[in-house]
Amino acid sequence: MHSEKGFTLIELLAVIVILAVIALIAIPTLLSIIWKSRVKALEDSCYGLIEAINEQYITDVLNRNEDMITEGLVTDVKEISKEKPYAGTWYLEQVDVFSKNQIIIENVSFPSMKDYVCTNKNTLNNRVECTKGKNPSGGTNPSVPESNIIEYVNENFTDCEEVKCALDELYEMVVKEK
């Protein structure tokens, strides 16, 4: 009697199906985490930009500069420690008589994620918020063609077509970062 050890075709197919189900669950979650971390990095870059504007303003105040700048383009800001923006504006806003000036940034975009626009105007506690392809007034980022703007309505990727798109995006991110 000869006994062969191994897996049957049914057992192999069952393993493949289980791995596919795990992948369908894990990949959208992974993509969501990746995109959230990239948006968080954009927000951090905006905070670095606000810090650079603040330092520039304080230097002007301490030097009693007659031509003190209270608004301008974010591309003109020097000494940015993080990624340099390619579009957007900033200005000083005094909320009330008793508060200090706040630096407001609007329509700020960065080269790493050109279809995102960041602002801290009308946000809770002057918090920076970055949104995909939208500026605070509700319009789209003028530097991003309308055809390039993609909005994910459902981050859980319940449709198979959305999963395919998510896999394509993951592949593009991996290939582009190499």
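Predicted model: local features only at pLDDT ≥ 70, side-chain atom pairs only at ≥ 80, totals over all residues.
# Reading a sheet, a helix and a disulfide

User: How many bridges join strand 2 to strand 3, and do the two run parallel or antiparallel?

Analyst: Seven bridges join strand 2 to strand 3, and the two run antiparallel. Strands (E, at least two residues) and helices (H or I, at least four residues) are DSSP runs, numbered from the N terminus. Two strands pair if DSSP finds at least two bridges between them. Residues are numbered from 1 along each chain as its sequence is written, and side-chain values use heavy atoms, with hydrogens and water left out.

User: In what order do the strands of the open sheet lie?

Analyst: The order is 1-2-3-4-5, with five strands in an open sheet and antiparallel pairing. Strand 1 (71-73) and strand 5 are the edges, each pairing on one side only. Neighbouring strands are turned by 20° against each other on average, direction ignored. Such angles are taken between axes, which are lines fitted to C-alpha atoms (for helices, over the stretch in contact), and run from 0 to 180 degrees between N-to-C directions.

User: Is strand 3 largely enclosed or open?

Analyst: Buried means under 20% relative accessible area, exposed over 50%, and partly exposed in between (1.4 Å probe, protein chains only). Seven of the 10 residues of strand 3 are buried, so the strand is largely enclosed by the rest of the structure. Asn107, which also sits in strand 3, is partly exposed at 32%.

User: What is the phi of Asn107?

Analyst: Here is the general idea: most residues other than glycine have a negative phi. Asn107 has a positive value, near 55°. Asn126 also has a positive phi, about 60°, although it is not a glycine. Asn126 lies in the loop between strand 4 and strand 5 and is partly exposed at 22% relative accessibility. Just after helix 1, Arg64 takes a positive phi of about 50°.

User: How far apart are the end C-alpha atoms of helix 1, and what span should we expect?

Analyst: The expected span of a helix is 1.5 Å times one less than its number of residues. For the 54 residues of helix 1 that should give 80 Å, and the end C-alpha atoms are 78 Å apart, which agrees. Helix 1 lies across strand 2, strand 3, strand 4 and strand 5, at about 135° to strand 3.

User: Which residues touch the most other members of the largest nonpolar core?

Analyst: A nonpolar core is a set of buried Ala, Val, Leu, Ile, Met, Phe, Trp, Tyr and Cys residues joined through side-chain atoms within 4.5 Å. In the largest one, with 22 residues, they are Leu49, Trp90, Ile105 and Val108. Helix 1 (9-62), strand 2 (87-94), strand 3 (101-110) and strand 4 (113-119) each supply at least two residues, and helix 1 gives the largest share, eight. Contact means heavy atoms within 4.5 Å. Leaving out residues up to four places away in sequence, Trp90 touches residues including Ile53, Leu73 and Ile105.

User: Which cysteines does the disulfide join?

Analyst: A disulfide is a pair of cysteine sulfur atoms within 2.5 Å. Here Cys118 is joined to Cys130, S to S 2.1 Å, and the link is right-handed, with 110° about the S-S bond. The pair connects distant parts of the chain, from strand 4 to strand 5 (residues 129-132), 12 residues apart. Cys118 is buried at 0%, and Cys130 counts as buried at 10%. Cys46 is in no disulfide, and the nearest cysteine sulfur, that of Cys118, is 3.7 Å away. Cys46 is buried too, with a relative accessible area of 0%.
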